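Thanks, everyone; I would like to walk through one model this morning, moving from strands to helices and then to the aromatic rings. Please keep the sequence and the structure in view while I talk.

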Amino acid sequence: MFPMKLSIGIVGLPNVGKSTLFNALLKKQVANVANYPFCTIEPNIGIIEVPDERLPILAKIVNTQKIVPAVVEFYDIAGLVKGASKGEGLGNKFLSHIREVATIIHVCRLFEDSDVVHVSDKINPLDDIQTIESELMLADLETLQKQREPKGNAASKDAISNWQIFQKVKEQLNKGNPVRNMKFTDEELIVIKTLNLITIKPVIYLFNVSESQLENKEETENRIAELLNGYIAANDNLTIEQFNNYLYLNAKLESEVVAFSPSEQLEYLKQYGLEETGLNRLIKKAYEILGLISFLTAGEIEARAWTIAKGTLAPQAAGVIHTDFEKHFIKADIVTFNDFVNPKGLPTEIMGGLALPELANWASEGGWVKARETGKVQTVGKEYLVKDGDVIEFKVGI
C-alpha cells in the first residue's frame with residue numbers, strides 16, 4: 001500500500017492565469033518522482049512536495065541524508081469552457097480528469113491587463129464562477145439522468161430508497177445548488193458517493209491578482225469580500241460557507257519566485273507582506289479542507305512524512321507504510337515532534353529563541369534515545385488516534 005495520494009484539479013476559464021499557475025507548479029515539481037510509484041506522470045500532472053519544515057530537522061537529528069516529503073498531485077484540467085458538460089472544447093477529457101481528483105482549485109481572474117483578453121471581454125470573477133459551477137452541475141445532472149427508476153415487484157427497498165435520494169439531489173441541482181452545499185444523513189451520503197458527482201468535491205476559490213493588488217492587501221481583501229457577499233445575496237440557495245475556502249495570489253510572481261532559494265524567496269515576498277509562497281499556502285489549504293494530517297517517521301534510512309485523514313487509528317496509519325503492517329500491527333512508540341526535537345524541555349531562552357528550522361542546531365539534544373530517557377515516548381495500541389506531527393515507530397509481528 002502506498003501513501004495516501006492528494007490530488008487537486010485546477011479549473012478555470014481561458015486567460016485567467018490557470019496555465020501560469022500550473023507552470024509555476026511544474027517548476028516546483030519533485031525532481032525524482034521514482035519514490036512515488038503510485039503515479040504515472042502525464043504532461044498535465046505535476047507532483048509537488050507538501051511543505052514541511054520539520055523534515056530537515058528530523059533528518060539532522062537521526063543523521064540521515066534522505067528526506068521523503070508527502071506529495072500532492074496537481075492536474076491541469078483542460079477544456080473548461082461554456083458547454084464543456086456537453087463536450088464543447090475538450091469537455092469529455094475535462095470530465096474524466098476532474099472526476100479523479102479529491103478537491104478542485106477554481107482560478108478566478110481579478111487582475112486587469114489589456115494585453116490579456118478575457119473570454120467574455122470583461123473582468124467579472126463571479127460570472128466566471130457561475131459559468132464553471134453551472135457546467136459542473138450540468139455534468140452531475142447528466143450522471144443522474146442515466147440512473148434508472150426501479151419498477152415492479154422485483155425492485156428492492158434499497159433500490160427504491162436510492163432512487164428517492166437521487167431525485168432529491170437532482171431537484172436541488174436544478175435549483176442551482178451544488179451537491180457540496182446539500183444536507184444529507186450519513187446513510188444518504190454513502191449512497192450519493194457511489195455516483196462520483198463532481199460538485200460534491202470541495203472547492204478552493206483562487207483569485208489571481210496583479211502585483212499592485214497584492215501590495216494593497218486590505219483593498220484587495222475588501223473587494224473579494226464585496227464580490228462574494230454580492231454573489232450570495234443574488235443567489236438564495238447559497239451561503240457564505242461555500243466561499244470560506246479562498247485564497248489570492250499573483251500567478252506570474254509565483255512562477256518567478258519558485259526559482260529562487262528559500263532565503264531569497266522570503267526576502268522577495270517580504271515586500272508584499274507575505275511570509276510564504278502562494279503555492280505553499282494553497283497546499284496547506286487543501287490539507288485543511290480535506291481533513292488531512294501528516295505523521296512522521298525518522299530513522300537512519302530516511303526522514304519521511306506520511307499523509308493520512310484525521311481520525312486515523314494507529315494500525316491504519318501503519319498500513320499506509322505497508323499493507324502487512326496493518327495486518328500484523330502489535331503496538332507503536334509515539335512521541336510528538338516537539339518532544340522528539342527537545343525532549344528535555346529546554347526553556348526557549350536557553351534554546352536561544354530559535355526559529356524552527358534552526359532548531360536542527362540542537363540535534364544532539366533530541367532523537368529516540370533521549371526521548372525515551374526523558375519519558376517522552378508513549379507506547380500505544382490499536383485504539384490510538386494518530387495526531388499531526390506524531391513521530392512514530394511501529395512494532396509489527398512480521
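Predicted model: local features only at pLDDT ≥ 70, side-chain atom pairs only at ≥ 80, totals over all residues.

Let me begin with a hairpin, which joins β8 to β9 through four residues; helices (H or I, at least four residues) and strands (E, at least two) are DSSP runs, numbered from the N terminus. Residues are numbered from 1 along each chain as its sequence is written, and side-chain values use heavy atoms, with hydrogens and water left out.

Seven of the seven residues of β8 are buried, so β8 is largely enclosed by the rest of the structure; here buried means under 20% relative accessible area, exposed over 50%, and partly exposed in between, with a 1.4 Å probe and protein chains only. In a regular strand the side chains alternate between the two faces of the sheet. In β8 both faces are covered, with Leu292, Ser294, Leu296 and Ala298 buried on one side and Ile293, Phe295 and Thr297 buried on the other.

Turning to the open sheet, six strands form it in the order β2-β4-β1-β5-β6-β7, with mixed pairing. Its edge strands, each pairing on one side only, are β2 (45-49) and β7 (246-249). Inside the sheet, β5 (residues 103-109) and β6 (residues 203-208) run parallel and are joined by six bridges, and Cys108 stands opposite Phe207 in β6. Helix α4 (residues 125-145) lies across β1 (6-11), β5 and β6, running at about 145 degrees to β5; axes are lines fitted to C-alpha atoms, for helices over the stretch in contact, and angles run from 0 to 180 degrees between N-to-C directions. Helix α11 (residues 278-290) lies across β1, β2, β4 (71-76), β5, β6 and β7, at about 175 degrees to β7.

Finally, the aromatic rings: a search of the whole structure finds seven pairs, and rings of Phe, Tyr and Trp (its six-membered ring) pair if their centres lie within 6.5 Å, with planes under 30 degrees apart counted as stacked, over 60 as edge-to-face and the rest as tilted. Phe260 and Tyr268 form an edge-to-face pair, 5.4 Å centre to centre with 90 degrees between the planes. Phe260 is partly exposed, at a relative accessible area of 31%, and Tyr268 is also partly exposed, at 23%. The rings of Phe340 and Trp368 have centres 5.3 Å apart and planes at 80 degrees, so this pair is edge-to-face. Both Phe340 and Trp368 are buried. Ring pairs also link Phe295, Trp306, Phe329 and Phe394 into a cluster.

Conventions: Pairing = 2+ DSSP bridges. Contact = heavy atoms within 4.5 Å.
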